[in-house]
Amino acid sequence: MRMKTFRAANSTAAFAQVKADLGEDAVILSNKTITENGAKCCEIVAAVESTPVKKMAATQQTRETVIEDALDSAVGWQREWSQIKGQIMQLMKPQMDMNVLTPRQRLAMEYLEREDVDGKVLAKLFCQLRDNERLSIISALESLIDVTPFKATSQFPKIQAFAGPGGAGKTSSLVRLALREKKAMPDARICLATADGGRGKGRLVLKHYAELSGLTFREIITKEDFESLQNEASQFDLIFIDLPGLPGQTTLEEWTTLYGLSGCDDLAIHLVLNPYYSTAQFEKFIEKYKSKQLASVIWTKLDEACTFGSILNMAFTCGLPVSALSYGPGLKNSIAPATKEMIWRLLFMRKLPGGNIQP
Ligand SMILES: Nc1nc2c(ncn2[C@@H]2O[C@H](COP(=O)(O)OP(=O)(O)OP(=O)(O)O)[C@@H](O)[C@H]2O)c(=O)[nH]1
Ligand SMILES: [Mg+2]
């Protein structure tokens, strides 16, 4: 972040200097009247994110630049950066003068704040709205969240694995989405595989629904089991894998490396989450489940939540699209491939995809 102090005879002139020097995206950290050489003047401290260094052609890259790039994109560093940003947010909050927005934009921002939308998301929205009084909140949100509706025909690869915290709804989401696909394409050859280590109910649920619905059932207990599943992959149109809730400090990457999933190009992992974890908990999950193979977030237990800001916060932090929304404990009519419309209804009306309104 580049920070700079500007002084001018009045605030209009000082703001003009900020804009000319740091551009439209500058954030105002402080704005006060000071006395300089006996005369009153306006002092503004403003900052912008440093301009990203242009990527060099591969041939121009030295070992140092490669390492620097790698460090820049490492999650640990991003987290540190996000903590600094968090503190700047606190400083900035009084500067987010809602009065510069139109009444409609202001109402929407206040509403989102009550819905537990993070300060950094609000700041991004504020800057977009401040710069364009005609911009509606939905248009501003559009760029902050992506959606890839969960369908076999979407861009996901053949093998779909479901990861996430214990009890998040991994097995139920997998079964419900697999049954939807089977219903939509009765001839599809679908395999349900459990990697849950036979720990409990999940394995039986999967086996039961596979048998009931004419799907193949497989168990992954060792790395070799996953290899065999890959060897027979050509026999299936779709393979769904139920991953276990990871114990203690084990990360998803460690687990997928151990079981040979990390080297599989034809695999996408969906992160199953509930919207009511705390901010700290979400940060922990981001760290634990980070993986190049993560393709989407599936939000479950929406029917048990009272705010939905975390859907937006997570999309903003991770950049992962939302693929499905689950809103009931049963297997029928309780999951839907996500659409942006559904997310707007959840955020602004607390309306579940099934139509019920959350109190
Ligand atoms: N209310 C509600 N309950 C849900 C939803 N999705 C799943 N559940 C319930 O949550 C409980 C746990 O779901 P599972 O699918 O077994 O969760 P899991 O992540 O596979 O759990 P583990 O394998 O034990 O880590 C079950 O009782 C489900 O019926 C949902 O959208 N709403
Ligand atoms: Mg399970």
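Predicted model: local features only at pLDDT ≥ 70, side-chain atom pairs only at ≥ 80, totals over all residues.
Me: Which residue of strand 6 is the bridge partner of T194?
Reply: Strand 5 is also joined to strand 6, residues 216–219, by 4 bridges, and these two strands run parallel. Within strand 6, the bridge partner of T194 is E219.

Me: How many of the 5 residues of strand 5 are buried?
Reply: From strand 5, I190, L192 and T194 point one way, while C191 and A193 point the other way. The residues on both sides are all buried. Strand 5 is therefore largely enclosed by the rest of the structure, the count of buried residues being 5 of the 5.

Me: Is L177 buried or exposed?
Reply: L177 is located in helix 7, which spans residues 170–184. Beyond its neighbours within four places in sequence, L177 is in contact with F150, F162, F240, I298, A324 and I335. A residue is called buried when its relative accessible area is under 20%. The relative accessibility of L177 is 0%, so L177 counts as buried.

Me: What is the distance in space between L177 and K151, C-alpha to C-alpha?
Reply: In sequence, L177 and K151 are 26 residues apart. In space, their C-alpha to C-alpha distance is 8.3 Å.

Me: How many disulfides does a search of the whole structure find?
Reply: A disulfide is a covalent bond between the sulfur atoms of two cysteines. The search of the whole structure gives a count of 0 disulfides. C41, for example, is in no disulfide: the nearest cysteine sulfur, that of C42, lies at a distance of 7.3 Å. To count, two cysteine sulfur atoms would have to be within 2.5 Å, and the number of disulfides found is 0.

Me: Are C41 and C127 buried or exposed?
Reply: The relative accessible area of C41 is 10%, and that of C127 is 16%. The limit for a buried residue is under 20%, so C41 and C127 are both buried.

Me: Why is the pair of Y111 and F348 stacked?
Reply: Aromatic rings pair if their centres lie within 6.5 Å, and planes under 30 degrees apart count as stacked. By this rule there are 11 aromatic pairs. In the pair of Y111 and F348, the ring centres are 5.7 Å apart and the planes lie at 20°, so the pair is stacked.

Me: How many residues apart in sequence are the parts tied together by Y111 and F348?
Reply: F348 is partly exposed, at 23% relative accessibility. Y111 belongs to helix 4, residues 103–114, and F348 to helix 13, residues 340–349. The pair therefore ties together parts whose separation in sequence is 237 residues.

Me: What is the phi of D116?
Reply: D116 is in the loop between helix 4 and helix 5. With a relative accessible area of 46%, D116 is partly exposed. Although D116 is not a glycine, its phi is positive, at about 70°.

How values were computed. Residues numbered from 1 in each chain as written. Chains lettered and ligands numbered in written order. Heavy atoms only, no water. Buried < 20%, exposed > 50% of the residue type's maximum accessible area, 1.4 Å probe, protein only. Phe/Tyr/Trp six-rings, centres within 6.5 Å; stacked < 30°, edge-to-face > 60°. Pairing = 2+ DSSP bridges. Contact = heavy atoms within 4.5 Å.
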